[in-house]
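The report that follows describes selected helices and strands, with the cut-offs behind each term.

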Amino acid sequence: GFYAFYNEFLKGTANGGLATGFCTSLAALVADRFWQGHSDAPSLTKLQNHKFLTALHGKLLSRESLIHFHDQGRVGLTRVEITAREIEATFLRGTDRQNAPMLFFIPSGAAWDAGYFDRLSDSHCILPYRFVYPTGHPGPQLAPGGATTITSLDGVEMFCWDCNRPENPECRVRFFDSGGALHYEYFNGGTSVQFSSADGVTLGMMTNGAYHLADHDLPFSGPFGLTRFVLDFLLSPADLQITDENGLRAGNFGGQILSEIPGSHPCYLLPRAYMLPEATALTRRITGTGSGTYAYHSLMPDVGSVALEGVTTETGQTDVFAASADGTQLRFTPAAAKTFAMTLARQVGTEARAIAVQGAGGAPAAEVDVTISPDLSVARIGNRGAARNVEVRAFTVDSGTNAPVNRTFANVNLPADHDLVVAVQDWPALNADVQTLAFE
């Protein structure tokens, strides 16, 4: 599901469906589609969802790409000329399947710089195929040794194939000199500028062989990196701050992206997404950056996933979510009285299991405490606030048979100071029971 989320991100989805392909289990996918009003969720098969798992977009999240493009972006504006000359020199020397260049629009600066993640929306990849030189230009010339070029790039245009405008022959990058530095503007077939160096977006380059043909590892995996991590991501309008029991931080603090927690990393090209160490008790603070609703998701190895969706927020309003090291104890403390949807998912053997509660709620003095058994056979969700009606849905999908089963408990009366207890005695048959029990 890691690649699936990025695939949806690239398509610009900005609602709960973004989480559809990015869950630990197909059960969470089914739950998400139910909340969106889809009636086909129980009939979706694993094969039908393979369209979300695209290796092409997934490679943008690989260890190789993360390091490669982050290093290029840190060069800043200077990288525009370096990339342009790398591509020009490749064309002069001759291209083949391995060395054919791919051009990437990437943020200038480092991931911890203020505003860096805001520029991620300008990330894109195109394929250059032709240079056009202005009248009077002497023509391109390789430097001695052939590693780069030495003729001026001022006024030169580089025509490219853009997957967003596949039939338009006018997609081009225009280079120009300003103040002794090479700048660029990108026109995706029209007369208006889509990307430019003036917007803090520089140019990166990777060859077709290195990107498409070579093996790639998942982020920070392999012999020199992490192989397992908790993945937290937040769909705006809000920012995410994570702290551990020692007060070390990860996330957006005062406009800077921090990774003080050992084993924590921001996800390159994914704003408000962080890789965090597993088996670690962490507290998340979700602070609104505007009026609206957000969705928070946490994916934990060998534990499962938690999703809080449809949570209202306002600028400066901070909700707090805490999870134990093993993910079986959760606490959500909203900054104001709020109602939301909560989905808990686990994978046990070949079964993907999920319990979803629509209409859960809490308040500053009425935090929501959740206790989960490791196999999701029992879930207790505390209601310290006002009495409410909730809807409970249980889902399971067996990857061996692709046979989904679901069950709904509608209009469950949940009094104040009561636990909502969901017990599943038999997951394959979804033999489940929903009760409410007083705290005392």
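Helix 5 (residues 78-93) has 16 residues and spans 23 Å from its first C-alpha to its last, close to the 22 Å expected at 1.5 Å a residue, where the expected span is 1.5 Å times one less than the number of residues. This is a predicted model, in which local features need pLDDT of at least 70, side-chain atom pairs count only at pLDDT 80 or more, and totals for chains, interfaces and linings use all residues. Residues are numbered from 1 along each chain as its sequence is written, and side-chain values use heavy atoms, with hydrogens and water left out. Helices (H or I, at least four residues) and strands (E, at least two) are DSSP runs, numbered from the N terminus.

Among the buried residues of helix 5 are V80, I87 and A89, buried meaning under 20% relative accessible area with a 1.4 Å probe and protein chains only. G94, with a positive phi near 115 degrees, follows helix 5.

An open sheet of 10 strands, with antiparallel pairing, has the order 11-10-9-14-17-18-21-22-25-26; two strands pair if DSSP finds at least two bridges between them. Its edge strands, strand 11 (256-259) and strand 26 (431-438), each pair on one side only.

| Strands | Bridges |
|---|---|
| Strand 9 (residues 238-244) and strand 10 (residues 249-253) | Three bridges |
| Strand 1 (residues 101-107) and strand 7 | Seven bridges |

T243 has R249 in strand 10 as its bridge partner, while I106 stands opposite T202 in strand 7. Strand 7 (residues 201-207) is largely enclosed by the rest of the structure, because six of its seven residues are buried.

Key: Buried means under 20% relative accessible area, exposed over 50%, partly exposed in between (1.4 Å probe, protein chains only).
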